[in-house]
Amino acid sequence: MEFSNRTVQQPVGAHPAAAGTPAGPTGTSRRNKSDKGKWGRVGAVAMLLAIAILVAALAVLLASGPKPENKFVDNNKLQAVFLNTGQVYFGNIKSLNSKYFVVTNIYYLQTNNASGASASASTANTNVTLVKLGCELHEPYDQMVINSDQVTFWENLQDNGQVAKAVATFQKQNPNGQKCTDQSSSSSNTSGSSAQNAGNSSTAPSTTSTTPATTTTKP
């Protein structure tokens, strides 16, 4: 019997697998990749949203926290700076931080006793005079740098206070600024300023003052 002419019948619809074609469910792998990409995008969006919420919460926290001390300075007003030595200076705070205060346009109080006694004596005949800084014996510039650890407290002054009114009067009377007189000539004029009286007791750093008294106020 010859078997060479026999044809092997293959089932209808059966196709031999192409060489090199991997077997497996390709549609399922594509769907898995698509799902992974979608969840990755969702995760990235969620992360960005969380960061935005965190930044907003931090901004609100900082805004609602205590203001820095220099934010309380009213640039349109005078300030009073009280030192732990008992001295007080009036002027404009130009800079303020944890280390120092910078004050300009400075005035200070001077106690004048009509009887020539010390300031610690009876205050029945005592006047308080506001003096402009600058004409003392050492002739300082109208600027002072004060260590913060020497400041007890400071405050803004109202325009209708006696100090603010005295400063406004002085500036009106001296539109070109303060003019210092010679010490020898001013000391010979004993009938002049109360700041030149021998019985003055000054609360300023320098005990010798050649400046005329600007305004006298009785407490």
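Select Asn105 to begin: with a relative accessibility of 16%, Asn105 counts as buried (buried is under 20% relative accessible area, exposed over 50%, partly exposed in between, with a 1.4 Å probe and protein chains only). You're looking at a predicted model, so local features need pLDDT of at least 70 and side-chain atom pairs count only at pLDDT 80 or more, while totals for chains, interfaces and linings use all residues. Residues are numbered from 1 along each chain as its sequence is written, and side-chain values use heavy atoms, with hydrogens and water left out.

Asn105 sits in strand β3, residues 100-113. Helices (H or I, at least four residues) and strands (E, at least two) are DSSP runs, numbered from the N terminus. Now show the side chain of Asn92: a polar contact of 3.2 Å links it to the side chain of Asn105. Such a contact is a pair of N or O atoms within 3.5 Å; within protein, one must be able to donate a hydrogen and the other to accept it, and residues adjacent in sequence count only if both atoms are side-chain atoms. Leaving out residues up to four places away in sequence, Asn105 also touches others, including Leu78, Phe90, Lys132 and Gln171; contact here means heavy atoms within 4.5 Å.

Setting aside neighbours within four places in sequence, its contacts include Val81, Ile93, Met144 and Ile146. Val103 is also one of the residues that touch the most other members in the largest nonpolar core, which has 16 residues; Tyr89, Phe101 and Trp154 are others on that list. A nonpolar core is a set of buried Ala, Val, Leu, Ile, Met, Phe, Trp, Tyr and Cys residues joined through side-chain atoms within 4.5 Å. To see where this core comes from, colour β1 (79-83), β2 (88-96), β3, β5 and β6 (151-156), the elements that give it two or more residues. The largest share, 4 residues, is from β3. Apart from this core lies another of 12 residues, among them Leu78, Val88, Leu130 and Ala166.

Next, β1. Is it enclosed or open? Of its 5 residues, 4 are buried, so β1 is largely enclosed by the rest of the structure. On one side, β1 and β2 run antiparallel, joined by 4 bridges; strands pair if DSSP finds at least two bridges between them. Click Gln79 and you'll find its bridge partner in β2, Gly91. The hairpin of these two strands has 4 residues between them, and there Gly86 takes a positive phi near 100°. β1 also pairs with β6, again in the antiparallel sense, over 5 bridges, with Val81 opposite Trp154.

Last stop: select Cys135 and Cys180, joined by a disulfide with an S to S distance of 1.7 Å. A disulfide is a pair of cysteine sulfur atoms within 2.5 Å, and the structure holds 1. Cys135 lies in the loop between β4 (126-132) and β5 (143-147), and Cys180 in the loop between α2 (162-173) and α3 (183-188), so the pair ties together parts 45 residues apart in sequence. The torsion about the S-S bond is about -85°, so the disulfide is left-handed. Cys135 is buried at 2% relative accessible area, whereas Cys180 is partly exposed at 42%.

Zoom out to finish: the chain has 3 helices and 8 strands, and 27% of its 219 residues count as buried.
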